Every structure is written in C-alpha cells, then in structure tokens.
Amino acid sequence: MTSFSFRRDFVTRPILQWARGVMPALSQTERDAIDAGDVWWDAALFTGDPDWNELLAFPKPKLRADEQAFIDGPVDTLCAMLDDWTMTWETRDLPPQAWDYLKSQKFFGMIIPKQYGGLGFSAFGHAEIVRKLATRSVSAAVTAMVPNSLGPGELIMRFGTKAQQDHWLPRLADGREIPAFGLTSPEAGSDASAMIDEGVVCRGTWNGQEALGIRLNWHKRYITLGPVCTVLGLAFKLRDPDHLLGEREDIGITCALVPTDTQGVEIGRRHLAAFQTFQNGPNWGRDVFIPMDLVIGGAERVGQGWKMLMTALAAGRGISLPALSGAAAAFSAMTTGSYARIRSQFGVPIGKFEGVQERLARIAGNAYLLDGARRLTCVGLDLGHHPSVISALLKSGTTERMRVVVNDAMDVHGGKAIIEGPRNYMGSQYRAIPVGITVEGANILTRSLMVFGQGAIRAHPYLLQEILALGDADQARGLAQFDEVFWKHVAHALRTGLRAFARGWTGGLTSPTPDAGRATRFYRQMGRYSAAFALTSDLALLTLGGELKRKEMLSGRLGDILSELYFLSGALKRWEDEGRQDDDFPLLQWCMDSGFAAIEQSFDAVFANLPNRLAGWLLRLVILPLGPRRRGPSDAVTHACAELLLHPSPTRDRLIENVYVGGKDEAVGQLIDAFERVVATQPIHDRLREHKIRDWKLGVAKGLVSAEEITALEAADKAVAAVIEVDDFPHDGLATPHPVEARTAPVGADRARAQSQGDDPDPPAVKSNGHKPLAEAPR
C-alpha cells in the first residue's frame with residue numbers, strides 16, 4: 001500500500017493532470033527513434049553546466065597503423081584509377097578496374113570485423129578513408145561508403161542471427177555480394193511511416209521446400225548501389241493476417257534481406273543524381289517470397305525495423321556525410337588558397353583583396369570547425385556510443401557548412417570553376433552539394449524537427465523520464481515516478497536560472513573553465529551559452545508543452561544553438577588535441593567569434609518569437625540584458641585566417657591533411673605545382689620590386705637576378721598560365737550523338753504490359769547493369 005505524501009497527492013497530482021493535457025503521448029515511431037542510439041556530449045550541453053575537463057579528457061582521434069597503411073596504399077592506388085571527367089561525361093560509372101579493386105581490397109568491408117574477413121576499421125579510420133576518397137571523386141567515395149553506412153552489413157552485425165552473420169558478412173567483406181538498402185519510396189521520404197511497401201506472413205516455397213516466410217510487394221527509389229546490388233536490404237510494413245507468428249496482425253516496419261536474383265525482383269534503370277556517377281536507381285518487388293530466415297535477426301526481430309534503422313543511422317550518419325563534407329572543405333581550402341595566390345589582377349594576387357580574404361577566411365574557418373566536430377564524433381563512436389542527436393546535427397551542420405565553403409570556393413575561382421572540362425576541379429564538388437544536403441535525412445526537417453525535438457527529450461536530464469511517467473498505464477506508479485522526477489527537474493531549473501543569470505550579467509566571468517591556455521576565455525562564454533540554452537529550453541517547454549514540436553521555426557533556432565555549442569566544442573577539442581598550436585589560433589578565434597555571434601542571433605530570434613511574451617521578456621533580461629553584442633570575427637582575424645591559405649605552413653598542412661593531389665599531368669597536381677613555383681620565386685619578385693625593376697633582363701644586367709632565377713621565373717609563369725587556362729570544345733563536340741530518352745520507369749501493370757508486348761523497359765543502350773554508360777558523351 002502506498003504511503004501518504006502531501007506533496008505527491010496534493011501538489012504533484014494536479015501538475016501531472018495538467019501536464020497530461022499539454023504533453024502528447026509519444027507515438028511508436030517517435031519512441032523507436034528516441035530509444036535508438038544513446039546520448040553523449042549533447043547530454044552534457046543540455047545540463048547547462050558541462051564539465052569541460054571531461055571534454056578535454058576524451059581520447060585524441062588517431063589512426064591505427066593498419067588504417068594509415070590502407071590510406072597510404074590501397075586508397076591512393078584507387079584514387080589514381082579515377083578520372084571524374086571521364087566518369088561523369090563519358091562512362092557514367094567507375095572504371096571496371098576500380099570496381100574490381102574496391103572488392104579485392106575489401107573497401108566494402110571496412111566496418112566488418114576481421115573475424116568475418118573484413119578490415120575491422122575504427123570509426124575514425126573509416127571516416128578518414130571516405131574523406132580522402134572524396135577529395136578525388138565524390139562518386140567513388142559514395143560507392144565505398146554506402147555498404148559501410150546504413151545498409152545490410154551494419155544491420156547484420158548489430159541485429160543479425162549468428163547464422164546470418166556467418167553467411168553474409170564474409171561475402172559482403174570480400175565483395176562477392178554487393179549490398180544496397182531500400183528505404184525510400186515514392187510515398188515515403190522523410191516520413192517512413194507512410195510507406196506502403198508491404199510484406200504478408202504466409203507459407204511458400206523456397207529452394208524447392210515449403211517454408212514459413214513473407215510475400216513482399218514494394219517500389220523503392222533513390223537506392224544507392226541498387227542497380228548493381230546482389231542483395232537488397234529492404235524495409236517494409238509487415239502484416240500477419242493469419243496469425244502465423246502470434247496475436248498481432250499489424251506487426252510494423254521490418255527489415256529483411258532479399259537476394260536480387262529472387263523471382264519477382266525487378267531492378268530498374270538508373271537515376272542520375274546531380275551528375276554524380278555512383279550507381280543509384282529504383283527497384284520493385286512483385287509477389288516476392290522469402291523465408292523467415294532472411295528477416296534480419298529472424299522472426300524475433302519482426303516489427304523492430306524502424307528502431308534498427310535509427311540505431312544504425314545513429315552511427316553511420318555521424319561518419320559518412322560528415323567525411324564527404326570534410327573532404328569538400330579541405331579540398332576547397334587547398335585549391336582556393338592556391339589559386340588565390342597564383343592568380344593576379346591589377347598586378348596583385350587576388351588573395352590579397354579584402355573581399356576575397358573574407359571568403360578565404362570563411363573557407364579556412366569552416367574547414368577547421370567542421371573537421372573538429374567530425375573528429376570529436378568519431379571519438380564518441382569509437383568509445384562505443386551511438387549518439388543519435390549528435391549524428392543528426394552533425395550531418396545537417398557539416399553539409400550546410402560544406403555548401404557555404406564550396407560556394408565561396410566557386411566565387412573565388414570565378415570563370416575557372418564555371419567552365420566544364422578536365423581542367424575544372426571544382427565542378428564535381430559543386431554539383432554534389434545537394435546530394436549531401438538531402439540524403440540520410442533532409443536538412444530542412446532534420447533542423448526543424450529532429451535536432452531539438454529529439455534532443456530535448458533524449459538529452460535533457462529529466463524530460464524523457466517525465467514523459468514516460470505521464471504515459472504510464474499504472475496511474476499510481478506513474479504519479480510516484482513523476483513526483484520523484486518533476487521536483488528534481490524543478491530544482492535543476494532553479495539552479496540553471498541562477499547560473500544563467502550570473503553568467504549572463506557578468507559576461508561569463510562566473511563560468512568554470514579548464515586550464516586551456518589562450519583558449520580559456522572561450523570556455524567562459526561556452527559555459528554562459530550552455531546555461532542560457534538549458535534555461536531557454538525549459539521555459540520553452542513549460543510555456544508551449546507539446547505545441548513546441550509544431551513550432552518548427554522556434555525548434556529550429558533552438559537546434560541551431562545546440563549545434564553551434566557542439567561544433568564549437570569540437571573546435572576547442574581539436575585545438576587541444578593538436579597541441580595548442582599558436583599559429584592555428586586565428587582559426588579557432590574565427591570559429592568561436594562566428595559561433596558566438598550565431599548563438600546570440602538565435603537566442604534573440606527565440607526571445608522575439610516566443611508566444612508567451614512574458615517568458616520571452618524574462619529570458620532576454622536574464623540572458624542578453626544588453627542585447628546581442630557579438631559581431632563575428634574582426635577584420636584582423638579574417639585577414640590572418642586568409643593568409644594561412646596563401647602560404648605554405650604546418651597550419652595549412654594540418655588544415656588540408658589527406659587531400660589527394662594526383663600527378664602534375666592532372667588539374668589539381670598542376671595547380672599545386674604552380675603554387676609551389678610561385679611561392680619559391682616570390683623572393684626574386686620582391687628583390688626586383690625593391691629596386692623598382694619590372695624587366696627581368698634589366699635585372700640580369702644589373703646583377704640582381706641570375707640566369708637560373710630567370711629560368712625559375714619563366715617556369716613559374718608557364719605553370720600559372722597552364723592552370724588559368726580553361727577547356728573549350730568543337731562546336732559539334734557538345735552534341736550528344738545518341739541521346740538518352742529520360743522517361744518515367746513503368747510500374748506494375750504498365751511494366752508487365754510492356755514486357756508482354758516484347759518492349760524491353762530497359763533498352764540495352766541504357767540498361768543499368770552497373771558498367772554501361774548512360775549515353776555516349778562528347779569528346
């Protein structure tokens with residue numbers, strides 16, 4: 001019998017009844033998404049008082065010897081096989097030798113443990129491999145990363161039966177099987193619960209024997225590696241109308257493995273995603289029967305598909321697309337800094353113009369910031385965490401910053417990056433931007449619905465426990481749990497309010513800090529904004545309740561603050577891990593100044609738009625009593641960051657580490673050769689300029705320049721001219737001699753009718769067998 005409690009029965013009970021009216025119950029889909037993965041540094045930020053010493057104590061990301069050897073060996077070898085211009089405009093595919101090499105060197109088995117024949121690489125090793133590949137070819141990087149991200153391999157490793165692991169993992173590791181995963185369908189994009197792809201539990205025939213299994217019908221699209229896969233991981237809604245598995249009829253989203261040579265499986269033509277040549281396309285299943293043994297995890301895992309997918313995504317989304325973004329940022333930093341140094345206008349390198357320096361600084365700062373957050377996340381993954389909120393904000397934040405960086409690089413290059421051809425090394429990176437923005441959770445919805453929406457529930461110290469207590473079917477137990485947690489939440493909120501007030505009114509002077517050298521002052525502001533974020537979150541939840549998740553603009557701004565705090569944590573950790581390099585400090589300063597300005601702008605917008613105006617006014621008084629004060633990086637910091645890209649230095653090397661360059665007969669190799677020659681001959685130009693001599697021959701006559709130096713100057717000028725040159729084509733060379741008819745692929749009855757009439761829906765010229773071009777390209 002429950003003992004009497006005045007607080008619980010007379011104070012907490014009415015609060016609980018009110019809370020039930022304003023806080024909606026979690027749907028099963030929301031519950032599965034929240035239960036998937038775990039929390040890590042995001043939970044510390046949500047407390048409002050993170051322990052910065054804990055952040056700095058996390059291990060430094062480091063490649064193992066076998067991972068470094070793989071990057072220096074097979075990765076470099078694969079990069080040398082790739083020519084993005086040929087792949088994009090001629091073959092529309094990786095070369096056959098690259099496909100063979102990907103399989104033989106086990107690129108598709110990077111995450112598969114060595115006991116199953118895989119490489120067993122760490123999250124950081126996996127990320128660095130994808131990153132370097134992406135500096136050479138985004139399409140090749142996507143081809144290598146997808147089997148190691150959200151796909152059958154990860155799901156089998158985490159949820160598969162022992163028999164499934166023993167059979168499939170060795171075959172996936174050595175390339176005998178090419179995997180793809182079918183999730184997106186025409187009806188279900190971001191809303192996976194809307195999928196109509198269906199499986200029905202029944203009895204059928206498999207390998208000549210009767211078996212309990214599932215009859216499947218589906219239509220999937222946007223499936224990377226779909227056109228060439230041999231085994232398709234499939235998400236579908238499972239029903240059991242005859243109750244062959246139990247009492248439930250609508251079992252829910254389930255994941256299974258479907259060999260693509262199974263009767264009824266139809267592999268469609270290819271999609272062409274923003275002119276990237278990785279294999280991607282639709283597929284269908286019509287009355288496809290598979291045995292229950294092909295459900296990932298077996299019959300015991302039916303209905304758990306959404307949770308399985310979200311758990312796998314919590315890891316994969318924190319590696320692959322951030323690695324692509326890091327590659328684009330580092331590549332842009334290297335090429336744009338080099339080009340801005342060698343390209344002159346009005347007799348001055350364009351990198352010396354302040355307008356250009358603003359872009360160079362933004363490229364450099366974002367490259368530093370992006371990689372810091374990416375490395376920090378890899379550390380968490382390698383420690384065994386699967387932080388779903390962090391992976392969501394990291395994917396969204398890195399790809400958005402990639403968009404800014406690549407656009408800035410395009411602006412600085414000007415016409416050089418616009419004119420297509422083998423000499424254009426920026427075009428493919430630019431075209432790939434929408435791919436990263438859209439896949440694995442479109443950024444618009446990730447920002448407005450997931451980052452804060454799930455973060456507030458999952459990472460808040462008390463909110464999830466309160467919601468679970470509100471939904472407890474046992475009223476007495478729910479009241480007892482709510483009573484215990486709610487008052488802890490109240491005490492926490494009061495402490496947070498006092499903390500936010502003190503730090504807000506002192507400019508962060510009362511915030512605890514670690515001993516971090518020159519960076520110590522940044523931790524004061526991070527502590528101030530963390531407390532402000534925790535207080536704002538609590539008041540927004542208190543005044544809006546469940547309505548907050550429908551206030552997507554408010555939720556998006558709160559998510560922006562959380563994201564900035566996480567990215568800045570990564571930048572601070574990076575500076576510490578790399579030995580507090582003084583020469584790198586302008587990059588850290590740029591990151592912190594930009595981040596703090598963005599945080600204050602987001603706070604200001606939240607306060608101005610909170611429906612409860614009293615709450616907005618109180619928060620502004622406590623957190624920003626003088627209004628937004630941060631203006632972003634100063635001109636001096638901007639100049640210092642830009643200069644780092646224009647001159648060789650250890651700082652520049654750290655920023656562009658592991659960017660593939662290629663030989664001097666290729667566009668990027670020629671650029672770097674010209675950059676090095678220009679830097680090497682700069683003292684000669686300085687000497688001539690000091691004596692106001694423009695004619696080299698006069699410099700020789702006066703003994704200021706040697707014949708060898710004149711040769712070096714001429715070679716540098718020749719190298720620069722080669723880089724500045726762009727491609728042109730004959731008039732008739734740009735016409736496609738055999739145009740491909742773009743059409744909507746026939747579905748269902750239309751497709752069957754076409755086949756019955758002898759019309760092949762996939763004519764040989766465009767059939768997606770993985771190794772034929774989509775069209776003959778101009779040469």
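Predicted model: local features only at pLDDT ≥ 70, side-chain atom pairs only at ≥ 80, totals over all residues.
Trainee: What makes strand β7 mostly covered?

Mentor: Look at the count: 10 of the 12 residues in β7, which spans residues 280-291, are buried.

Trainee: Why are β3 and β7 called paired?

Mentor: Pairing takes at least two bridges. Strand β3 (residues 209-224) and β7 share 9 bridges in the antiparallel sense, so they pass that cut-off. One of the contacts to find on screen is T224, whose bridge partner in β7 is N280.

Trainee: How do you know that β6 pairs with β7 too?

Mentor: By the same test. Strand β6 (residues 265-267) is joined to β7 by 3 bridges, and the two run antiparallel. With at least two needed, β6 and β7 therefore count as paired. Here V265 has G285 of β7 as its bridge partner.

Trainee: Now the pocket. Which residues lie nearest the centre of the second largest pocket?

Mentor: Those are E400, R401, D560, E564 and A598, out of 28 lining residues. The space in this pocket comes to about 660 Å³. Elements giving two or more residues to its lining are α14, α15, α18, α22 and α23, and α23 gives the most, with 8 residues.

Trainee: What makes E400 and R401 charged lining residues, while A598 is nonpolar?

Mentor: Glu and Arg count as charged and Ala as nonpolar, so the residue types settle it. Across the lining, the division is 10 nonpolar, 11 polar and 7 charged.

Technical notes. Residues numbered from 1 in each chain as written. Heavy atoms only, no water. Buried < 20%, exposed > 50% of the residue type's maximum accessible area, 1.4 Å probe, protein only. Helix = DSSP H or I, 4+ residues; strand = E, 2+ residues; numbered from the N terminus. 1 Å grid on protein atoms, 1.4 Å probe; cavity = no way out; pocket = protein on both sides within 12 Å on 5 of 7 lines; lining within 4 Å. Points joined across faces, edges and corners; volume = space filled by probe spheres on them.
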